[in-house]
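Have the structure open as you read.

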Amino acid sequence: MAADPAAARDKLEKALKTRSRIYFKNESLSPAGSHKLNTAIAQAYYNKLEGVKRLCTETGAGQWGSALSFACNLLGLKCTVYMVKASYNQKPYRKSLMHVWGADVYPSPTNMTNSGRAILAKDPDCNGSLGIAISEAVEDAATHDDAKYTLGSVLNHVLLHQTVIGQEVQKQLKMIGEKPDVLIGCVGGGSNFAGLCLPFVHEKMKGRDIRMIAVEPTACPTMTKGEYAYDFGDTAMLTPLVKMYTLGHTFMPTAIHAGGLRYHGMAPIVSALAKAGLIESRAYSQNPVFEAALLFARTEGFLPAPETAHAILAAIEEARKNEDKCIIFNYSGHGHFDLGAYDAYLEGKLEDYEHPEEKIAEALTHLPKLAG
Ligand SMILES: Cc1ncc(COP(=O)(O)O)c(C=O)c1O
């Protein structure tokens with residue numbers, strides 16, 4: 001976060017000719033490159049204390065898998081990562097990074113689990129989804145005594161670990177005499193957005209005018225078009241039911257470049273806040289998101305992850321209103337492993353995609369039927 005508001009105004013604000021002040025909380029500077037380490041280290045630590053020897057997990061874009069690989073290496077645990085096949089192919093160097101930290105990484109769906117085999121029997125070319133990769137990791141942990149499953153987002157404890165983000169922002173804002181008017185984060189499972197916003201929710205509940213905006217891709221419009229219902233967190237229906245906004249656990253994403261935002265569900269805490277009208281949501285397609293990423297990289301210098309660029313576009317839209325506002329967004333991760341996606345954007349090869357209403361309606365027919 002820039003310490004000097006005037007200096008910050010020289011950059012993105014100047015390019016946008018806005019009276020708003022835009023600040024970003026930079027979570028990209030950790031070794032793994034995103035906010036995910038805030039919870040990876042805590043989860044690996046408590047598993048170590050419990051005597052667990054190996055952690056199993058899924059990863060979409062590879063950020064969470066990298067973070068957990070780093071944490072396991074730090075604490076002397078083994079790590080098995082089921083990486084959504086689309087990302088495994090799009091981002092081979094994320095896999096390399098996980099290998100460097102000693103993890104085993106498999107493109108999901110694999111032939112190693114019942115869930116993976118069942119998917120491949122129906123569709124041998126399946127590109128995978130976070131829901132499928134979660135099923136594989138849960139099954140692996142459930143069938144091996146020394147292993148446990150860990151999730152990098154969605155669940156309450158993950159969101160609480162991430163609140164260190166918002167708490168740091170509170171302290172930093174105090175140092176520069178600012179109060180936030182708008183808080184923005186991209187949402188996959190909801191953890192970086194919640195990490196930024198949760199420490200401010202009580203102020204909003206007490207009546208302070210503060211807006212919180214969750215940003216997702218039109219290719220996976222969980223909050224903007226999903227239903228608030230009980231659903232499974234994974235495709236093979238192995239997890240407990242969760243009350244959340246969902247596109248249905250059978251949701252199959254397209255291979256958009258914001259791999260970390262392609263989850264069918266949303267954190268129950270974030271979902272409940274949206275249902276209560278305390279937070280807003282909006283969705284963008286890929287091309288405008290990358291346009292925002294480029295503007296940011298050319299003004300502030302940092303190259304954002306495609307996920308993060310969703311938050312940047314929302315911050316730009318808010319700033320373009322040219323109101324005298326303090327706008328803060330969470331810079332959840334860097335895009336150093338996403339250069340293939342940047343190339344595709346610069347060559348005009350990125351396609352915008354809107355998840356069709358009929359597919360959502362169909363997927364929602366598979367929601368679990370609850371008694372009562
Ligand atoms: C850089 C980055 N930002 C955001 C996300 C979205 O996850 P969450 O909503 O849990 O913060 C991801 C997920 O992989 C990510 O890699």
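Predicted model: local features only at pLDDT ≥ 70, side-chain atom pairs only at ≥ 80, totals over all residues.

## Around the ligand

How do the residues of the shell around the ligand divide into nonpolar, polar and charged? There are seven nonpolar, 13 polar and one charged. Residue numbers run from 1 along each chain as its sequence is written.

The ligand has 21 residues around it, and Gln63, Ser153, Gly188, Gly260 and Gly333 come nearest. A residue is near a molecule if its C-beta atom, placed from the backbone, lies within 6 Å of it. Helix 3 (63–75), helix 10 (191–205) and helix 14 (306–320) each put at least two residues into the shell, and helix 10 has the largest share with three residues. Helices (H or I, at least four residues) and strands (E, at least two) are DSSP runs, numbered from the N terminus.

## Two domains

The protein chain is assigned domain 1 (5–32 + 157–364) and domain 2 (37–151), with bounds that come from an automatic or database domain assignment. The ligand shell draws at least three residues from each of them.

The C-alpha centres of domain 1 and domain 2 lie 23 Å apart. Their contact takes 31 residues from domain 1 and 29 residues from domain 2, where two residues are in contact if their C-beta atoms, placed from the backbone, lie within 7 Å. On the domain 1 side, helix 8 (residues 156–162) gives the most, with three residues. By class, that side has twelve nonpolar, 15 polar and four charged residues.

## Helix pairs in contact

Start with helix 9 (residues 164–176) and helix 10, which pack at an angle of about 50° with their axes 6 Å apart. Axes here are lines fitted to C-alpha atoms, for helices over the stretch in contact, and angles run from 0 to 180 degrees between N-to-C directions. The two helices are therefore oblique to each other; angles under 35 degrees count as roughly parallel, over 145 as roughly antiparallel, 65 to 115 as roughly perpendicular and the rest as oblique. Among the residues making this contact are Val164, Ile165 and Val169 of helix 9 and Leu196, Leu198 and Phe200 of helix 10. The contact divides into eight nonpolar, five polar and no charged residues.

Now look at helix 13 (residues 286–299) and helix 14: their axes come within 8 Å and cross at roughly 80°. That makes helix 13 roughly perpendicular to helix 14. Residues in the contact include Phe290, Leu295 and Phe296 of helix 13, along with His310, Ile312 and Leu313 of helix 14. This one divides into twelve nonpolar, one polar and no charged.

Helix 6 (residues 114–122) and helix 7 (residues 130–142) pack at about 145°, with axes 8 Å apart. Asn114, Ser115, Gly116 and Ile119 in helix 6 meet Ile132, Ser135, Glu136 and Glu139 in helix 7. Here the residues divide into two nonpolar, four polar and two charged.

## Backbone spots to check

Serine 108 and proline 109 are joined by a cis peptide bond, with omega about 10°. Proline 109 sits in the loop between strand 4 (104–108) and helix 6.

Valine 154 is another one to click on: its phi is near 70°, a positive value in a residue other than glycine. You'll find valine 154 in the loop between strand 5 (147–149) and helix 8.

Definitions and conventions: Nonpolar A, V, L, I, M, F, W, Y, C, P; charged D, E, K, R; others polar.
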